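Dear colleague,

I am passing on the structure that we spoke about, together with some notes on what came out of going through it. Please read the notes with the model open beside you.

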Amino acid sequence: MKPTGTDPRILSLAAEVAKSPEQNVPVILLKLKEIINNTPLGSSELKKIKQDIYCYDLIQYCLLVLSQDCSRIQGGWTTISQLTQILSHCCVGLEPGEDAEEFYSELLPSATESFLVLGRRLQTCFINAAKGEEKDELLHSFQIVTDSLFWLLGGHVQLIYNVLQSDHFLHLLQSDNVQIGSTVMIMLQSILQINSGDLLRIEGKTLHSILDEVVFKLLSTPSPVIRSTATKLLLLMTESHQEILILLRLSACCKGLRSLLNKYEPRTEFSQELGQLIALLTPKVYQEVEEQKLHQAACLIQAYWKGFQTRKRLKKLPSAVITLQRSFRSKRTKMLLKINKQKEEEHRRLQLQLQRQRAMRLSRELRLRMLEIVHPGQVEKYNREIEEKSALIIQKHWRGYRERKNFRQQRPSLTEYKAAVILQRATLKFLEKCRKKKKLFAPWQGLQDLTDVRRVELKQKVDDYLRRHPSSQMSDVTSRELHSQAQEQLQHYLMGRALEERAQQHREALMAQISTNIEQLMKAPSLKEAEGKEPELFLSRSRPVAAKAKQAHLTTLKHIQAPWWKKLGEEAGDEIDVPKDEFSIELGTLFIGGTKPT
């Protein structure tokens, strides 16, 4: 999908590329450089131009031109080197949008590979060139290509692994030419400064080849530029990765490297970097350097930690001061309250002491006045009365104190006694309920009145049972006789049971009447002592019962009206004696036996 609001310059350029023949396309694409250079760096307009260039496939055209033969292109290597600049500048900072996967996984790796192939082609042409001017032009183009590659890797760091892993890059690094080799090593140093972590991700064989080539250039090349670059490159590798340093110290190919470097150290212009590399390759020095690095790292961590703690403490300082002030003020307030309370108690004690002294003085003055009023002969009697009253007051207070003390001591036992009484009462009630339940669930409860519906249900159940359990063969006459016999026996039993229950009730009533009469006779006075109408109380059967009821009624009233402390320890149903003078019955006014007294 083509973007809206496209720059007209890009539109005209894309149309011109589409209409022009193949040999004129590279020269037309060079116009992109002027468009990019005239746009401010980092602006949104430049991002929009790059998106338009990518959307109209101008970047793909640049890639296709890089793979063509330079002899067929107008301008030759100069045009191709400028196209690499355009390609790298367009890819860095580009936001592909919907085609991001294709851009990152296909276009960028192919652009990197094209740059490396182009560098190898330039290297071959530079070596085979005879004229000096041609060599200078080729070297300049090669430097432009390497710069463009470095610019592309700086914008897309993930491509560094592809470059280090490529065989084309290794061939460029193995060049014997001083100028080409120094350019490639400087580019490698710049790449590792951007991201040296990808150096350990490549295959071991490729890593060994890169290290061997750098060490070879350091030892065999007479050029001080290459040796200096190789030394810095090795120093950067060893300082960045411990594994590379171990590999250099233990590798069979690098044995004797330290002794060879010691020969070149005094005569080199880069003796400082070389000395650092020799020190790293020396075991003792290496260990000391590592310990020094660890010490510096520990000091740095401690400094950061102490700074963090100090800043944290400084941030908390205002709240700590506020908390300290609050606690000091609260403590001071508590102390002032305590001092004021002590002063008030001391003042109250002094006032009480003064009141006692004043009361003692008044009492003594009163006694003196009374002694003045009392006759001299009555003074001794008055003093004796005062002493007796004082003794009585002291005894009263002492007995009250002793009784209260005894009551407090007896309170636990009294509580236990009350608890025991409550438990016994609850137990008796529970047992009474159990006895009532047993009586309710007796084997024979008597017959209940059956309704018509219930009779129909029972008859249906009986019929169903008879249908499921057929009886033995019996004639209808025999079964009716058997049924009538059963009915007669059941009727005889029920009638006998009802008569027996009435007889039992009559016996219980007679026993109750006899016991009441006996009790009344036991409590009745003798005939000699009987007065008035007392003998007439026993002429009627209802009179003893009425007397017993009256007595029970008075007993209940007496018990209800009694204070609570007299009811402690009493069980329900205990008899309470009623004084005889309070038990007065006027039976003459009662309706007894169905007749009224005349």
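Helices (H or I, at least four residues) and strands (E, at least two) are taken here as DSSP runs, numbered from the N terminus. This is a predicted model, in which local features need pLDDT of at least 70 and side-chain atom pairs count only at pLDDT 80 or more, while totals for chains, interfaces and linings use all residues. Residues are numbered from 1 along each chain as its sequence is written, and side-chain values use heavy atoms, with hydrogens and water left out.

Overall picture

The chain has 21 helices and zero strands. Of its 598 residues, 25% count as buried, where buried means under 20% relative accessible area, exposed means over 50%, and partly exposed lies in between (1.4 Å probe, protein chains only). Taking contact to mean heavy atoms within 4.5 Å, and looking at contacts between residues at least 6 apart in sequence, 71% join residues at least 24 apart.

The nonpolar core

A nonpolar core is a set of buried Ala, Val, Leu, Ile, Met, Phe, Trp, Tyr and Cys residues joined through side-chain atoms within 4.5 Å. The largest one holds 77 residues, and L29, I53, L58, I59, L87 and L188 touch the most other members. Helix α7, which covers residues 100–128, gives the most to this core, with nine residues. If neighbours within four places in sequence are left aside, L87 is in contact with I59, C62, L63, L66, A111 and F115. As general background, nonpolar side chains in soluble globular proteins tend to be buried together.

The largest cavity

Helices α7, α8 and α11 (178–194) each supply at least two residues of the lining, and α8 gives the most, with four residues. The lining divides into eight nonpolar, two polar and no charged residues, with Ala, Val, Leu, Ile, Met, Phe, Trp, Tyr, Cys and Pro counted as nonpolar, Asp, Glu, Lys and Arg as charged, and the others, Gly among them, as polar.

Two residues of helix α8

T146 counts as buried because its relative accessibility is 8%, and, not counting residues up to four places away in sequence, T146 touches T183 and M187. S141 also has its place in helix α8, and at 2% relative accessibility S141 counts as buried. With residues up to four places away again not counted, S141 touches W77, T78, S81 and L122.

Aromatic pairs

Rings of Phe, Tyr and Trp (its six-membered ring) pair if their centres lie within 6.5 Å; planes under 30 degrees apart count as stacked, over 60 as edge-to-face and the rest as tilted. By this rule the count comes to two aromatic pairs. W305 and F308 form a tilted pair, 5.6 Å centre to centre with 35° between the planes. These two residues are three apart in helix α17 (residues 283–373), so W305 and F308 are separated by about one helical turn. W305 is partly exposed, with a relative accessible area of 49%, and F308 is partly exposed at 39%. The rings of W398 and Y401 have centres 5.6 Å apart and planes at 40°, so this pair is tilted. W398 and Y401 both lie in helix α18 (residues 379–440), three residues apart, about one turn of the helix.

Two loop positions

G93 is found in the loop between α6 (77–91) and α7, and counts as partly exposed at 44% relative accessibility. The C-alpha atoms of G93 and K47 are separated by 7.0 Å, although the two are 46 residues apart along the chain. R201, in the loop between α11 and α12 (204–220), counts as exposed at 53% relative accessibility.

With best wishes
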